[in-house]
Structure formats: structure tokens, C-alpha cells
Amino acid sequence: MAYNRRKFLQTTGLVAAGSLFAKNAMAGHPGVKLKNVGLQLWTVKEDMAKDPKGTLKQIASYGYTEIEGFEGEQGIYWGMTPADFEQYTKELGIKMMGSHCSIDKLYGKGGLEGKSVEAISIGMKYLICPYKGPQKSIDDFKRIADEFNKCGEICRKNGITFGYHNHDYSFKPVDGQVPMDVLLQNTDPDNVVFEMDLYWAITAGADPIHYFNKYNRRFRLVHVKDRKKDAAPGEGDASCDLGTGSINWEPLLHHAKTKGVRYYIVEQERFDNSTAMQSAEVDAKFLKPIIRRI
């Protein structure tokens, strides 16, 4: 993969002791399917690289009904044609609802235009820019907003929706303005949506509830990734199994749903005393009772 994805906690009342949610994690029955809940395949990228079909089969057994892809060395479809990928995932009872992808090239077969045609052919709903990186000036972010508007037009014409996934830099002020606000305010709501990575927003000290309220229905997806309780403020490498960290997920996800969020995408990048696949299963078990209630 070409990119390296790296007062809310105390002021919103959305922090809770992990022990309560650890108990809830075990309440999910293995056979229960998670509606509108997916796994970002970046979580299990090493397993996917070794055995894509076997890994997807295991993911489906955990109860996920959706997967979110990314554009790695084997491509979005892991060496399969889009049609073959769709057929295999359909047999497993899962669907690729969207994918992160490069937008370095916009037009032509290898560009966003071509990717959007392939994606819509298998029923995907979103193509998402995962990373632009910190910028030197707020004008740079305004130029990125213009780029996103072009991406949104290309995708819309081909029947799919374009979006942007934030990191912590999106919430760090530049020239007295917050880049995330600039991107939201300077993109066309009809063409550009946003995927709130809740972990990165919280790591940056932002309040997701504030953004869900201020920009109602602009966020269509969220990344669900917990943050270690003992993580230092601003520490980036502090993800952990859902229910063992500092984020109180149920009220946060419920509020997100009321403000237009449609998909909840599990992602984890650190595995202490675990493996990526083991954590993916634990994360699914944790979410099952919560998703039923919200």
C-alpha cells in the first residue's frame, strides 16, 4: 500500500471503562450477521496477501456482511477480475461495499474513471481517497477540495459515490483554520461524502459528535477503531481490540446513525497478544449486541 495510515474523550461523556464493553463483546452469537458492518481489509492485509480467498471466507464466518477494500500491490480485487471477486464474495454472503483507492490519476482505464466503472459493475457504492497528507497552507487544502469535486463528478457520472477518509492531520489547524472544515465547506455535498475515522479524529482531539451535528448527513461511513486507555495524547500507534479501549462505542455509533452514517467499518492496526484475524473476530463479537440495539 502506497500510504501509511496513522477534550473529546473527557468533554463529551463518550468514554467508558472497557470492562463493561468487554463483557458485551462476548454477548454476540457467532451466527449473527452484522448488518451494514464491514471490515477494512487493511486490518488483515498480511493474511490477504498470503491467501485472499481463505481469509475472506474466515472473515465471513465472523458475521461481517461487508468488506471495504484498499488498493495494494495485487489491486483492489486481489488478482481476481471484478466479476470473479464478486462471485466469490457473493457465495460467502459478503459484499464489497467500497474501497480506498489512489486518485493520483483521474481519467482513463487506470485512473479513477476506470476504477469507478469496474467498481459499479460489481455493485460497489463508494470509492474513497484514504490519504492526502499534512499540507503547508490552508490554500493547499482548498486545492484538494477542488480535486475532490472533480473526483466526485467522475464517480457520480459512473453511478458511484466518491468520499474522503480523514487522518489526524485533517483536524489540526493550519493558518488558523481546521482542514476538515475547509474540505467539508468547499466540496459539493451532491458529489463528495466523508468517511469519519473516529480513531484519528479522537487522537487529534476533535469531537466527532460536533462534526456529525454541524455537517449533518455529510458523513456516510465511519471507521470503528478503539484507542488504548493508556495512550498518550496524540499518540498514533495505539489501536486495540474493540471494547478494551477508551471509546464508548454505543452512544457514539447511535448518534452517528441519526446523522446519516450508513456503514460501520472495523479497522485495527495494532495487535498486542493477538493476531489480525483473532482481533477481527473479537471486534465482530463486540459489535454484534451494539448493532442490534442501535
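So, which hand does the crossing have where α4 passes α5? It's right-handed, and by that I mean the near helix is turned clockwise from the far one by less than a right angle, with anticlockwise being left-handed.

Quick housekeeping. This is a predicted model, where local features need pLDDT of at least 70, side-chain atom pairs count only at pLDDT 80 or more, and totals for chains, interfaces and linings use all residues. Residues are numbered from 1 along each chain as its sequence is written, and side-chain values use heavy atoms, with hydrogens and water left out.

On confidence: pLDDT is the predictor's own confidence in each residue, from 0 to 100. The protein chain averages 91, and 89% of its residues reach 70 or more.

Helices here are DSSP runs of H or I, at least four residues, and strands are runs of E, at least two, numbered from the N terminus. α4 covers residues 52–61 and α5 covers residues 82–92; they pack at about 35 degrees with axes 9 Å apart. The axes are lines fitted to C-alpha atoms over the stretch in contact, with angles from 0 to 180 degrees between N-to-C directions. From α4 you get K53, G54, L56, K57 and A60, meeting F85, Y88, T89 and L92 of α5. By class, that's five nonpolar, two polar and two charged residues. For the classes, Ala, Val, Leu, Ile, Met, Phe, Trp, Tyr, Cys and Pro are nonpolar, Asp, Glu, Lys and Arg are charged, and the others, Gly among them, are polar.

L56 turns up again in the largest nonpolar core, which has 82 residues. A core is a set of buried Ala, Val, Leu, Ile, Met, Phe, Trp, Tyr and Cys residues joined through side-chain atoms within 4.5 Å. Buried is under 20% relative accessible area, exposed is over 50%, and partly exposed is in between, with a 1.4 Å probe and protein chains only. Y64 is also among the residues with the most contacts inside that core. Leaving out neighbours within four places in sequence, Y64 contacts residues including L34, V37, I59, V266 and A284. Apart from that core lies another, of seven residues, including M97, Y126, I128 and Y263.

Let's stay with I128, which is in strand β4, residues 126–129. I128 is buried, at 1% relative accessible area. Beyond four places in sequence, I128 touches E68, H100, Y164 and L221, among others.

L112, E113 and S116 of α6 make the contact with C151, I154 and C155 of α7.

Buried or exposed, what are they? W78, in the loop between β2 and α5, is buried at 8%. N273, in the loop between β10 and α12, is exposed at 86%.

Key. Contact means heavy atoms within 4.5 Å.
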